[in-house]
Amino acid sequence: MLVLCGAYFLLVTLYAWQAWRRETITILTDELEFSQISRAISETGRPGRRGEAFGFTSLAPWFTAPLWWIQKVSTAYEAIKYFQAIVMALAIFPAHAMARRVLSKPWALFAAIGTIAAPALSYSPILVEEPFAYPIAITALWLIILAIERPTWRSVGLAAVA
């Protein structure tokens, strides 16, 4: 567990550094829309885009909305990027738990580290939904495996909710 946590903190530091190096938003329509929806939630409590009401897209803008309460926009943007790096790297823990079902400890650790060292983690410094979806999806897969392995009302219910 110590090695797993060490790998987590080492890679979070790397992703935070990557986020720090990304100084401005990329002109991606997804990032612009995500930012607008999240900022509207922080200001009004409801999703919106350019002052117009907007329907529910995902929970991701709700997770980042409180960080927009930071008065300086550039500081809020930085905080969201760091938060996303931390959240996305959390995938190491369910990945390790899933790998331990079928692999020895060293190989499970390798698989877990490989999961968060994947190129897909380049999404962490970009304001999009993927940094939140990645650990949630891996957790859902782990819960599905547990439900298949030992089907109880609790395990099946958790897998269904995930």
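Visitor: Is Phe9 buried or exposed?
Guide: Phe9 is exposed, with a relative accessible area of 51%. Buried means under 20% relative accessible area, exposed over 50% and partly exposed in between, with a 1.4 Å probe and protein chains only. This is a predicted model, where local features need pLDDT of at least 70, side-chain atom pairs count only at pLDDT 80 or more, and totals for chains, interfaces and linings use all residues. Residues are numbered from 1 along each chain as its sequence is written, and side-chain values use heavy atoms, with hydrogens and water left out.

Visitor: And Tyr8, buried or exposed?
Guide: Tyr8 is buried, at a relative accessible area of 7%.

Visitor: How many aromatic pairs are there?
Guide: The count is five aromatic pairs. Rings of Phe, Tyr and Trp (its six-membered ring) pair if their centres lie within 6.5 Å; planes under 30 degrees apart count as stacked, over 60 as edge-to-face and the rest as tilted.

Visitor: Which pair is tilted?
Guide: One of them is Phe63 with Phe132, at 5.3 Å centre to centre and 50° between the planes.

Visitor: Where do those two lie?
Guide: Phe63 is in helix α3 (residues 60-64) and Phe132 in helix α7 (residues 130-149), so the pair ties together parts 69 residues apart in sequence. Helices (H or I, at least four residues) and strands (E, at least two) are DSSP runs, numbered from the N terminus.

Visitor: How accessible are Phe63 and Phe132?
Guide: Phe63 is partly exposed at 37% relative accessibility, while Phe132 is buried at 4%.

Visitor: Which residues do ring pairs link into a cluster?
Guide: Tyr8, Phe9 and Phe93 are linked into a cluster by ring pairs.

Visitor: What sits over the ring of Trp68?
Guide: The charged end of Arg39 does, 4.9 Å from the ring centre. A charge sits over a ring if NZ of Lys or CZ of Arg is within 6 Å of the ring centre and within 35 degrees of the ring normal.

Visitor: What else does Trp68 touch? Start with Ser38.
Guide: Ser38 is in contact with Trp68, and also with Pro61, Thr64 and Ala65, leaving aside neighbours within four places in sequence. Contact means heavy atoms within 4.5 Å. Ser38 is in helix α2 (residues 29-44) and is buried, at 0% relative accessibility.

Visitor: Where is Glu33, and what does it contact?
Guide: Glu33 is in helix α2 too. Apart from neighbours within four places in sequence, Glu33 is in contact with Arg49 and Phe54. Glu33 is partly exposed, with a relative accessible area of 26%. Between the C-alpha atoms of Glu33 and Trp20, which are 13 residues apart in sequence, there are 21 Å.

Visitor: New topic. Where is Leu90?
Guide: Leu90 is in the loop between α4 (73-89) and α5. At 34% relative accessibility, Leu90 is partly exposed. Not counting residues up to four places away in sequence, Leu90 touches Tyr8 and Pro135. Leu90 and Ile116 are 26 residues apart in sequence, and their C-alpha atoms are 8.1 Å apart.

Visitor: And His96?
Guide: His96 is in helix α5 (residues 92-99). His96 is buried at 18% relative accessibility. The contacts of His96, leaving aside neighbours within four places in sequence, are Leu4, Ala108, Leu109 and Ala112.

Visitor: Back to the chain. How many helices and strands are there?
Guide: The chain has eight helices and two strands. From the N terminus on, the order is α-α-β-β-α-α-α-α-α-α.

Visitor: What size of box do the C-alpha atoms fill?
Guide: Roughly 50 × 35 × 25 Å, taken along the principal axes.

Visitor: How many of the residues count as buried?
Guide: Of the 162 residues of the chain, 37% are buried.

Visitor: What about contacts along the sequence?
Guide: Among contacts between residues at least 6 apart in sequence, 65% join residues at least 24 apart.
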